[in-house]
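Please look over the sequence and the structure below.

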Amino acid sequence: MFRVQQFAAFRRDSALPQLNSRFVVRRLLQLIPTVFGIVLIGFILVHVAPGDPIVAIAGENGDASYYAFMRHRFGLDAPLPQQAATYFVRVARGDMGVSYVQGRGSLSLILERVPATLLLTGTALVLAVVIAIPLGALAARHPFGARDIGINAAVIGLHSAPAFWLA
């Protein structure tokens, strides 16, 4: 009798699916200002970074007319609000622009490196699981014992070490 009452709250006609759908909709609506903020921060960081991208592309030996032509070509001669609006519209369309260094589409450069990224993250995930689960089980067998303290100390030490030490 207790089991039937216990699971009665999870019937299909209960309010749980409605609660989940409201949660999902609310999270999706929160996604809009979050993405907007990330794109805005990216735009601002590119513009406050030291150096001039046109000088980086053309070199320091170019003349003023060539620099003006390149600024016009990349839209860097427009007012900052207009540049921001153009940037947001292009990002919304999936146009990530052109790499200043390689002269190719940024999205194609990113997609070209996805397989290597997935291989690296997948390998790291598998290694982490293969190492972490046995060590966690070993540490959990005797809580606050010597093995538990040693494993926790090693994990905290490795986690707080700079990444280039471990590479």
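**Salt bridges, a patch and a helix pair**

Glu112 counts as partly exposed, at 44% relative accessibility; buried means under 20% relative accessible area, exposed over 50%, and partly exposed in between, with a 1.4 Å probe and protein chains only. This is a predicted model, in which local features need pLDDT of at least 70 and side-chain atom pairs count only at pLDDT 80 or more, while totals for chains, interfaces and linings use all residues. Residues are numbered from 1 along each chain as its sequence is written, and side-chain values use heavy atoms, with hydrogens and water left out.

Which residues does Glu112 pair with? One partner is Arg104, in a salt bridge whose closest N and O atoms are 2.6 Å apart. Here a salt bridge is a side-chain nitrogen of Lys or Arg within 4 Å of a carboxyl oxygen of Asp or Glu. Glu112 also forms a salt bridge with Arg113, with 3.3 Å between the closest N and O atoms. Arg104 is partly exposed at 33% relative accessibility, and Arg113 is partly exposed with a relative accessible area of 41%.

A search of the whole structure finds three salt bridges. Among them is the one in which the side chains of Arg71 and Asp52 meet, at 2.2 Å from N to O. Arg71 lies in helix H4 (residues 64-74) and Asp52 in the loop between H2 and helix H3 (53-58), so this pair ties together parts that are 19 residues apart in sequence. Helices are DSSP runs (H or I, at least four residues), numbered from the N terminus. Arg71 is partly exposed, with a relative accessible area of 27%, and Asp52 is partly exposed at 26%.

Next comes the surface. Phe36, Leu40, Ile41, Ile44, Leu45 and Val48 make a nonpolar patch of about 570 Å². A patch is made of residues with over 30% relative accessible area and no salt bridge, and nonpolar side chains (Val, Leu, Ile, Met, Phe, Trp, Tyr) are joined within 5 Å. Ile41, found in helix H2 (residues 16-48), is exposed, with a relative accessible area of 51%.

Helix H7 (residues 114-141) and helix H8 (residues 146-160) pack at an angle of about 140 degrees, with their axes 7 Å apart. That makes H7 oblique to H8, because angles under 35 degrees count as roughly parallel, over 145 as roughly antiparallel, 65 to 115 as roughly perpendicular and the rest as oblique.

Technical notes
Patch = residues over 30% accessible without salt bridge, like charges linked within 9 Å, V, L, I, M, F, W, Y side chains within 5 Å. Areas by Shrake-Rupley, 256 points an atom, 1.4 Å probe, with all protein chains shown as cover. Helix = DSSP H or I, 4+ residues; strand = E, 2+ residues; numbered from the N terminus. Axes fitted to C-alpha atoms, helices over the stretch in contact; angles between N-to-C directions.
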